[in-house]
Amino acid sequence: MGRSTYIGIAAAVAISSFAFRFFLKPHQPPQPSRLFIAQELSLYNGTDEQLPIFLGILGSVFDVTKGKSHYGVGGAYNHFAGRDASRAFVSGNFTGDGLTDTLRGLSSSEVKSVVEWRDFFVKTYTWTINIPPICFIPLRSVGRLIGRYYDYRGKPTKYLKNAEAKAARGAQLLAKQKKEEEKIPNCNSKWSQHEGGEVWCDDGYPRLIQRPLEIALTGKMSKRCVCLKEEELKQPGLEVYEGCDYHAKACKV
């Protein structure tokens, strides 16, 4: 093996070591370097054919050009393009003040849904850079929007941390609610335009009960239909369906 071959091998090892140290550090995925201000992001709303289509959610900016039929001009989701309209992902208000990034007043369940939407874009619109001959490295967004969720250095603000913490609490409450509700079986139910709705129990009697964790999750109290045995019917807080007999196994709703 000649001297030039050894030099070539050494150079390749050095390059690989450099790439590993600066690009492939364990648990430290590369961070998007581009920072946007709102006015700049608004240019990427699909009206300029020469520019890609970007949208923001919780301050993360994604390239959604491959979904042009949805996010481009005339698309059903074009109102999301060129802005951070985080709130609209759960509010369904796609006009005026509804197209905003503030999550103020949303329940933990709704904030959880917004975070899940962001994670959807991470999975769907991740792109890669190639560092030959090493590998492809995924970049989870094209940049960050300076404002509510990221500061001028691209660092997460307290608003982002609070939103993610609230979403985590929502997930915990949902898991707890599911575990609690598995202890009492739900009623069977059906609905048709001709006959309306009906609930029934194969074993037991249908009753409405409060869902105590729901107010923490959604800010509203709700009820669900459960099937209870005869000896359980005297417990407080139960509600018989209006117009339904006390011992009926099926009720019109």
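In strand β10, C227 is the bridge partner of P206, and this contact belongs to the pairing of strand β9 (residues 205-210) with β10, in which six bridges join two strands that run antiparallel. Helices (H or I, at least four residues) and strands (E, at least two) are here DSSP runs, numbered from the N terminus, and two strands are said to pair if DSSP finds at least two bridges between them. The model is a predicted one, in which local features need pLDDT of at least 70 and side-chain atom pairs count only at pLDDT 80 or more, while totals for chains, interfaces and linings use all residues. Residues are numbered from 1 along each chain as its sequence is written, and side-chain values use heavy atoms, with hydrogens and water left out.

Strand β10 covers residues 223-228, and five of its six residues are buried, so the strand is largely enclosed by the rest of the structure. Buried means under 20% relative accessible area, exposed means over 50%, and partly exposed lies in between (1.4 Å probe, protein chains only). A salt bridge is defined as a side-chain nitrogen of Lys or Arg within 4 Å of a carboxyl oxygen of Asp or Glu. E181 is likewise counted as buried, because its relative accessible area is 18%.

Helix α6 (158-181) can also be examined for its length. At 1.5 Å a residue, the 24 residues of α6 should span 34 Å, and the end C-alpha atoms are 34 Å apart, which agrees; the expected span is taken as 1.5 Å times one less than the number of residues. The buried residues of α6 are L160, A163, A167, G170, Q177 and E181. One of these, A167, has its C-alpha atom 8.9 Å from that of E116, although the two residues are 51 residues apart along the chain.

E116 is found in helix α5 (residues 108-124) and is partly exposed, with a relative accessible area of 41%. Its salt-bridge partner is K112, with the closest N and O atoms 2.5 Å apart, and both residues lie in helix α5, four residues apart, about one turn of the helix. An α-helix has 3.6 residues a turn, so residues three or four places apart point the same way. Salt bridges that share partners join R118, D119 and E164 into one network. In total, the count comes to 13 salt bridges.

One consists of four strands in the order β1-β6-β3-β2, with mixed pairing. Its edges are formed by β1 (35-36) and β2 (54-57), each with a single partner strand, so one side of each is left without a neighbour in the sheet. Strand β2 pairs with β3 (residues 60-63) in the antiparallel sense over four bridges, and G56 stands opposite V61 in β3.

The other open sheet has three strands in the order β7-β8-β11, with antiparallel pairing. Its edge strands are β7 (188-192) and β11 (250-252), each of which pairs on one side only. Neighbouring strands of this sheet are turned by 15° against each other on average, direction ignored, where the axes are lines fitted to C-alpha atoms (for helices over the stretch in contact) and angles run from 0 to 180 degrees between N-to-C directions. Strand β8 (residues 196-200) pairs with β11 over three antiparallel bridges, and K252 in β11 is the bridge partner of E198.
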